[in-house]
Amino acid sequence: MKRVLALVEDATASLALLVMVLLPLAEIVFRRTFGRGIPASQPIVQHLTLWVGFLGAAIAARDGKLLALATGSFIPKGVWRRAADILASAFGACAAIVLASGGWQMAMAEREAGTNIGAGIQSWMAQMVLPIAFAAIALRVVWRVGSISGHLDSSSASVPGDLRSARRSAERWLDRALASVGLLAGVLFLRVPSILEAHSLWPAFAIVVAAAIVGTPLFAILGGTAALLFMHDGTTPATILIETYSLSVSPTLPAIPLFTLAGFLLAEGRASERLLRVFRAFFGWIPGGTAVVCAVLCSFFTVFTGGSGVTILALGGVLFPALLKDGYRERFSLGLLTASGSLGLLLPPSLPLILYAVVAQIPIEDIFIGGILPGILLTAMVSAWGVREGTVSRAGRHPFRAPEALASAWAAKWELAMPALVLVAMFSGLATAVEASALTALYALVVQAFIHRDLKLRDLLRAFGECVTVIGGVLIILGVAVGLTNYLVGAQVPAKLLEWASTHITSRLMFLLVLNLFLLAVGWLMEIYAAIVVVVPLIVPLGAAFGINPVHLGIIFIANLELGFLTPLVGLNIFLASYRFKRPVLEVCAAALPMMAILGIGVLVITYIPWLTTGLLGLLGHG
Amino acid sequence: QAPPSAIKLATVVPQGSIWDKNLKQMGDEWKDATGGRITVTVYSGGSQGDESTALRKMRLDALQAAAFTVVGLGQIDWAFNVFDIPFFFDSYDELNYVTDELTPVLRKRIEPKGFMLLNWGHGGWTQIFTKKPVQTVDDLRHIKLWTSAGNDKQVQWFKANGFQPRPMAMTDILTGLTTGMLEGLPTTPLAASLFQWDKQTPYMLELGLAPVVGAGVITTKAWNAIPAADKPKLLAAANGVEQRLRVEVPKLDANAVEQMTKRGLTVTKATGPEWRTQLDDLAKTMRGESVPPDIFDLALKARTEYRKQHPAAPPPK
Ligand code: NA
Ligand code: NA
């Protein structure tokens with residue numbers, strides 16, 4: 001029964017994702033051949049994003065893959081660990097049930113209004129995925145007490161969470177009972193909201209902070225905070241879900257799951273080996289050639305996987321041994337791969353760039369063009385560090401041989417053509433960003449499954465399934481984060497911030513410096529997607545007031561967050577690298593320090609030389 | 001519980017625009033008129049989300065008021081789509097006459113749905129901005145025309161009548177025009193000038209596609225919580241906004257055309273009688289399709305009355 005349910009869940013989400021790929025492409029074909037498109041295809045694709053995302057989130061909860069802060073893993077085993085796990089589950093369940101109720105309220109109000117999304121589909125039915133997913137998550141978080149969260153990309157192996165499977169079942173049932181107190185608390189807050197209105201919020205915030213530290217899933221931390229704030233003001237938590245819905249169905253957002261799928265299909269096939277071979281044939285001869293190859297290859301992958309760490313997990317296994325074999329020092333190799341996992345975030349069509357454009361309401365194409373030179377700069381700086389290392393440690397080099405170069409390039413021709421495909425599709429006026437992303441996903445599917453025949457049906461199903469989980473893990477976080485943003489907007493925080501800044505900050509240069517420091521802290525404390533959704537609306541008016549080009553502001557923003565991935569202890573890359581290469585977190589931190597310094601310099605260069613971002617834009621007439 | 005007198009008003013009009021200033025002025029007047037018992041916070045620039053989002057929040061009392069365009073109003077009641085019928089109105093005077101006739105009926109329709117109409121707000125008059133000059137209706141059918149994303153009914157209507165609508169987010173307009181995904185868009189001169197779309201579309205067909213009609217609405221829940229004695233003062237302030245916009249907005253539109261002409265815009269006029277005949281036929285296809293039949297007939301009746309009283313109506317706007 002449980003397995004059947006799981007199968008149905010996976011199949012529905014994967015099928016929805018497949019339809020997302022095919023529908024925009026069918027629309028192009030129909031438009032060109034019959035002169036008219038498919039009714040409501042665009043709103044349907046937008047709503048499929050919502051469905052894929054929230055079914056994916058429910059699946060992530062089922063499999064213990066909801067993203068949480070890494071700090072939870074430092075709590076020693078034993079009674080403290082057990083208490084921490086119960087707190088994490090209870091808090092997660094409380095937040096999820098409140099959000100489920102908000103989603104239900106929204107859907108029922110929509111039902112009464114009788115709106116539809118087109119082609120006769122009622123809006124409320126599409127919205128029902130929200131209350132259903134959040135309710136399922138609430139129950140699963142209680143059920144899985146002790147193993148509710150993991151890495152976003154714990155795809156390849158089992159997560160440490162399953163360590164406790166040996167525990168006696170009586171103990172586990174007690175833990176579940178204790179965790180379900182969170183569910184009851186949630187129901188109580190919904191029934192008697194005056195409890196929250198009457199009291200100071202500080203004790204509640206203390207609980208939120210504690211819950212975050214012990215490893216409560218991030219969606220619950222952000223969504224729980226938003227719910228507390230709204231309910232304290234006597235406003236329904238449905239406000240959060242209205243924002244979640246609105247973000248999830250925004251017209252350009254489908255590009256994110258579709259590009260993610262393309263990345264996953266590449267990672268599942270043997271694309272990484274083919275690309276490693278070709279990059280090695282071309283760059284292997286320079287001193288530090290293999291290191292350069294690693295930086296370039298990681299950038300290439302991260303562009304499609306959004307720096308969520310898929311790069312480290314997918315490529316680490318190939319690249320780490322290759323570096324060691326060529327005589328690079330272990331510490332250097334570890335640092336390089338940890339940093340490379342976020343290289344490429346500035347290059348098109350990277351997912352954070354898309355999200356930034358959606359949130360800041362600037363054309364996607366502009367931020368894609370703006371990111372090209374800064375992205376190349378960061379990759380080049382890391383490569384240069386690799387060249388230095390290669391020279392110092394006299395690591396092995398691969399002589400350039402033309403026949404091998406040609407043969408490897410021919411073997412990898414389909415993969416190498418992908419970035420060109422994206423750019424041509426988007427900039428020729430042939431396709432919108434969403435259509436281009438669908439085209440890329442279909443292309444990756446055809447190349448990996450039919451041309452190279454690397455993917456059997458079973459691999460395809462796994463790739464779709466894992467992709468859905470990652471999309472869900474991300475979308476649920478940014479979906480509730482946008483609710484928190486809405487609270488801040490309602491409290492007029494952006495206006496107050498602007499007022500403060502215009503009295504205390506006198507020059508553009510000073511503004512940029514403060515911005516760098518602020519974003520560094522944000523990148524350290526927050527998950528990248530949540531950071532974009534929460535912080536961008538606060539700083540966009542500031543940037544405008546100080547005359548910063550909005551595309552430049554976006555590039556500064558993401559470059560800073562790229563650094564945040566590497567910050568000691570909470571940086572996602574650190575945690576993933578530690579897991580992937582089986583090295584202690586502190587060792588990985590130390591290994592990544594030189595990389596942090598290099599990227600830090602790169603970020604400063606990008607910030608203070610706006611031309612890097614705006615030059616190409618001006619040249620292409622997008623200025 | 002938030003005091004019933006703290007009113008949050010959402011709107012997508014740009015911060016600092018004439019509409020934003022007028023709404024804030026109305027808020028101040030409401031506060032003064034009630035000795036501070038009612039406060040109004042205006043969230044402009046779409047900071048509370050697009051109109052559908054703001055409307056959802058109003059239904060759950062997370063917002064109490066809004067200044068909507070026909071996009072949001074049409075979602076409260078499809079009767080408001082009457083203002084969006086292409087080429088239905090010839091002039092502001094005609095529009096105002098028909099609006100006055102429709103107002104009591106529209107008020108009555110939305111009240112049971114939980115909304116109260118505060119005032120009307122002019123947003124300008126939509127013209128067609130294109131890359132290539134457009135002369136005939138058929139020329140227009142060959143243009144990839146922007147329409148706002150999220151209104152599938154409108155898209156289907158355009159398609160069914162042989163046009164090439166390209167639904168896109170407003171933020172993608174400039175890119176769409178640059179890459180050639182779009183070749184034209186209906187918008188007001190003021191908006192075209194503000195967002196500098198005219199750089200990409202050097203031709204403006206002065207045809208007057210439709211007026212941009214907006215309205216202030218408040219939830220009946222919030223309105224009923226206001227003491228009866230205060231209401232006339234509040235309505236007077238709301239009416240002040242309506243009167244000021246009636247005068248100011250047409251002037252701003254005209255100014256914008258002047259500005260854009262100076263930087264290279266060519267204004268063309270529709271030629272030939274087929275525009276009027278074809279467009280009247282087009283308008284009729286919306287009856288019952290996107291506008292309730294009774295409202296359509298009422299508007300038509302009012303328009304006929306107006307045209308009878310003013311036989312020398314000004315040329316199409
Ligand atoms: Na686009
Ligand atoms: Na971080």
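Author: A crossing is right-handed if the near helix is turned clockwise from the far one by less than a right angle, and left-handed if anticlockwise. This is a predicted model: local features need pLDDT of at least 70 and side-chain atom pairs pLDDT 80 or more, while totals for chains, interfaces and linings use all residues. Residues are numbered from 1 along each chain as written, chains are lettered from A and ligands numbered from 1 in written order, and side-chain values use heavy atoms, without hydrogens or water.

Reader: How far apart are the C-alpha centres of domain 1 and domain 2 of chain A?

Author: The domain assignment (automatic or from a database) puts domain 1 at 53-248 and domain 2 at 257-467 + 492-619 in chain A. Their C-alpha centres sit apart by 30 Å.

Reader: Is H23(A) roughly parallel or antiparallel to H26(A)?

Author: Helices here are DSSP runs (H or I, at least four residues), numbered from the N terminus. The axes, lines fitted to C-alpha atoms over the stretch in contact, are compared by N-to-C direction from 0 to 180 degrees. Those of H23 (residues 457-490) and H26 (residues 528-545) of chain A come within 8 Å and cross at roughly 20°. Under 35 degrees is roughly parallel, over 145 roughly antiparallel, 65 to 115 roughly perpendicular and the rest oblique, so H23(A) and H26(A) are roughly parallel.

Reader: Which hand does the crossing of H23(A) and H26(A) have?

Author: Contact (heavy atoms within 4.5 Å) involves residues including Val474(A) and Leu488(A) of H23(A), and Tyr529(A) and Pro537(A) of H26(A). As H23(A) passes H26(A), the crossing is right-handed.

Definitions and conventions: Helix = DSSP H or I, 4+ residues; strand = E, 2+ residues; numbered from the N terminus.
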